[in-house]
Amino acid sequence: MNPSQSQPPYRSPSDIHRAAQLLREGGLVAFATETVYGLGANALDPVAVSRIFEVKKRPSFDPLIVHIADIRQLEQLATDFPTKARRLADRFWPGPLTIVLPKTDIVPDIVTSGLPTVAIRIPSHPAALELLRLADVPVAAPSANLFGSVSPTCADHVRRQLGDSVDCIVDGGDCSVGVESTILSFAADPPAILRFGGLAQEQIEAVIGAVAVADHTETCPSSPGRLEHHYATETPLLLLDSIPLPPKDKRAGLLALQAPTGVQGFAAVEELSADGDLAQAATRLFAAMRRLDALDLDMIYATIVPNRGIGRAVNDRLYRASRNKPRLEYT
Ligand code: TXA
Ligand code: MG
């Protein structure tokens with residue numbers, strides 16, 4: 001994480017105390033994390049959690065991630081913490097890794113959509129960590145956007161979409177990672193990546209060896225964030241291998257890792273990283289999608305990025321935002 005991106009102005013100490021108190025009282029608090037903004041409620045309070053589903057218009061079959069501040073809180077949530085999971089937690093928490101483990105009875109069914117497992121992570125944003133520490137309860141939090149739409153990477157995104165429905169927004173500035181956490185399930189052996197995200201598969205495998213990758217082209221009720229047509233823009237988005245010629249009869253936007261100098265004919269161009277840096281591309285992806293979406297274009301053309309490291313998460317989100325048929329090359 002780049003600390004300069006997660007420093008104040010995020011909140012005054014009294015704000016964060018108030019936000020923590022709201023969580024303990026059953027309120028809904030949107031808060032910055034290093035990945036995307038979350039929409040949080042006390043994970044042990046089923047009524048509070050039900051408000052998350054209402055506000056997001058999220059189907060009840062889509063389970064939530066439980067956020068904690070300290071690894072010692074994991075004991076009350078999970079019945080087993082396998083050695084490989086522990087080694088990853090030691091290495092990458094706090095950070096953009098979510099670990100799926102068998103759940104204890106204390107975790108309400110509404111959080112896990114009735115699954116016998118619970119998804120857990122410790123976020124690394126200082127505002128999130130402080131909020132979680134002060135609240136002193138595990139916090140269930142999906143991304144703070146309406147179900148199916150693009151995840152928020154700054155407080156303003158949350159304000160515009162959900163501002164009237166939340167009790168408080170902990171503004172931590174722009175998210176430094178910019179795509180959601182990587183989800184790794186220990187429900188089977190070998191562990192399986194259910195969603196590519198801010199932590200690269202290569203980094204995970206360097207610590208615990210080979211992991212499985214769940215088939216990202218199938219719609220899978222065990223991790224519905226993988227449902228097709230998620231992270232969608234209102235404007236139709238077409239995903240391509242390379243930059244096309246601009247259409248003559250349409251106002252089209254271009255979303256590319258690097259835009260060649262002098263590229264012409266598009267109504268708007270979003271270059272994700274002039275240097276071709278995949279981490280920077282991930283950080284900027286969702287805001288760029290929102291900006292293009294606000295221009296009332298006929299079409300957005302997006303091009304895939306190199307499919308390695310965090311590039312896999314970028315391609316996954318672009319693919320899901322697109323109207324393309326599944327293609328294994330960029331899953
Ligand atoms: O970076 C993130 O993970 C962000 C921030 C706020 O922490 N959260 C996030 O939450 O992306 P959400 O709800 O948008 O995505 C959570 C994903 C869903 O796709 C859900 O299916 C999966 O986690 N999930 C949650 N519990 C699960 C479980 N027990 N087994 C398998 N997948 C699970
Ligand atoms: Mg989400």
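Modeller: Let's begin at one end of a sheet. Strand E1 (residues 29-31) and E7 run parallel, joined by three bridges. Ala30 has Ile169 as its bridge partner in E7. Bear in mind that this is a predicted model.

Biologist: What is the strand order in the open sheet with E7?

Modeller: The order is E7-E1-E2-E6-E3-E5-E4-E8-E9-E10. That makes 10 strands in an open sheet, with mixed pairing.

Biologist: Which strands stand at the edges?

Modeller: Strand E7 (168-170) and E10 do. Each has a single partner strand, so one side of each has no neighbour in the sheet.

Biologist: What about E4, how many of its residues are buried?

Modeller: Five of its six, so to speak: E4 is mostly covered. E4 pairs with strand E8 (residues 182-185) in the parallel sense, over four bridges. Val100 stands opposite Ser185 there. With strand E5 (residues 117-121), E4 runs antiparallel, again with four bridges. Leu101 has Val118 as its bridge partner in E5.

Biologist: Is Lys103 buried or exposed?

Modeller: Buried. Lys103 has 15% relative accessibility, and the cut-off for buried is under 20%.

Biologist: What does the Lys103 side chain reach?

Modeller: The backbone oxygen of Val107, at 2.7 Å. Leaving aside neighbours within four places in sequence, Lys103 also has contacts that include Leu77, Thr79, Asp109, Leu115 and Val118.

Biologist: Switching topic. How is E14 placed, enclosed or open?

Modeller: E14 is largely enclosed by the rest of the structure, because five of its five residues are buried. Met299, Tyr301 and Thr303 point one way, while Ile300 and Ala302 point the other way.

Biologist: Why the two directions?

Modeller: Side chains alternate between the two faces of the sheet in a regular strand.

Biologist: And which strands does E14 pair with?

Modeller: Strand E11 (residues 237-240) pairs with E14 in the parallel sense, over four bridges. Leu238 and Tyr301 are bridge partners in that pairing. E12 and E14 also pair in the parallel sense over four bridges. There, Ala252 stands opposite Met299.

Biologist: What joins E12 to E13?

Modeller: Four bridges, and the two strands run parallel. Leu254 stands opposite Val269 in E13.

Biologist: Which E13 side chains are buried?

Modeller: Ala268 and Glu270, which point to one face.

Biologist: Now H8. How many residues does it have?

Modeller: Helix H8 (residues 278-293) has 16 residues. From first C-alpha to last, H8 reaches 22 Å, close to the 22 Å expected at 1.5 Å a residue.

Biologist: Where does H8 bend?

Modeller: At Leu285, by about 45 degrees. Leu285 is also one of the buried residues of H8. Others on that list include Leu278, Phe286, Met289 and Leu292.

Biologist: What covers the buried residues of H8?

Modeller: The cover includes helix H6 (155-162) and helix H9 (311-321). It also includes strands E12 (252-256), E13 (268-271) and E14 (299-303).

Biologist: And which residue caps the N-terminal end of H8?

Modeller: Asp277. One of its side-chain oxygens lies 3.0 Å from the backbone nitrogen of Ala279.

Biologist: Another one: Tyr231. Where is it found?

Modeller: In the loop between strand E10 (212-213) and E11. Tyr231 counts as buried, at 4% relative accessibility.

Biologist: What separation do the C-alpha atoms of Tyr231 and Arg317 have?

Modeller: They are separated by 6.5 Å. Along the chain, the two residues are 86 residues apart.

Biologist: Last bit, the whole chain. How many helices and strands are there?

Modeller: Nine helices and 14 strands. Of the 331 residues, 58% count as buried. Among contacts with a separation of 6 or more, 66% come from residues 24 or more positions apart.

Methods. Residues numbered from 1 in each chain as written. Chains lettered and ligands numbered in written order. Predicted model: local features only at pLDDT ≥ 70, side-chain atom pairs only at ≥ 80, totals over all residues. Heavy atoms only, no water. Expected span 1.5 Å × (residues − 1). Bend = angle between axes of the 7 residues up to and from the residue. Buried < 20%, exposed > 50% of the residue type's maximum accessible area, 1.4 Å probe, protein only. Contact = heavy atoms within 4.5 Å. Polar contact = N/O pair within 3.5 Å; in protein donor to acceptor, adjacent residues only side chain to side chain. Pairing = 2+ DSSP bridges.
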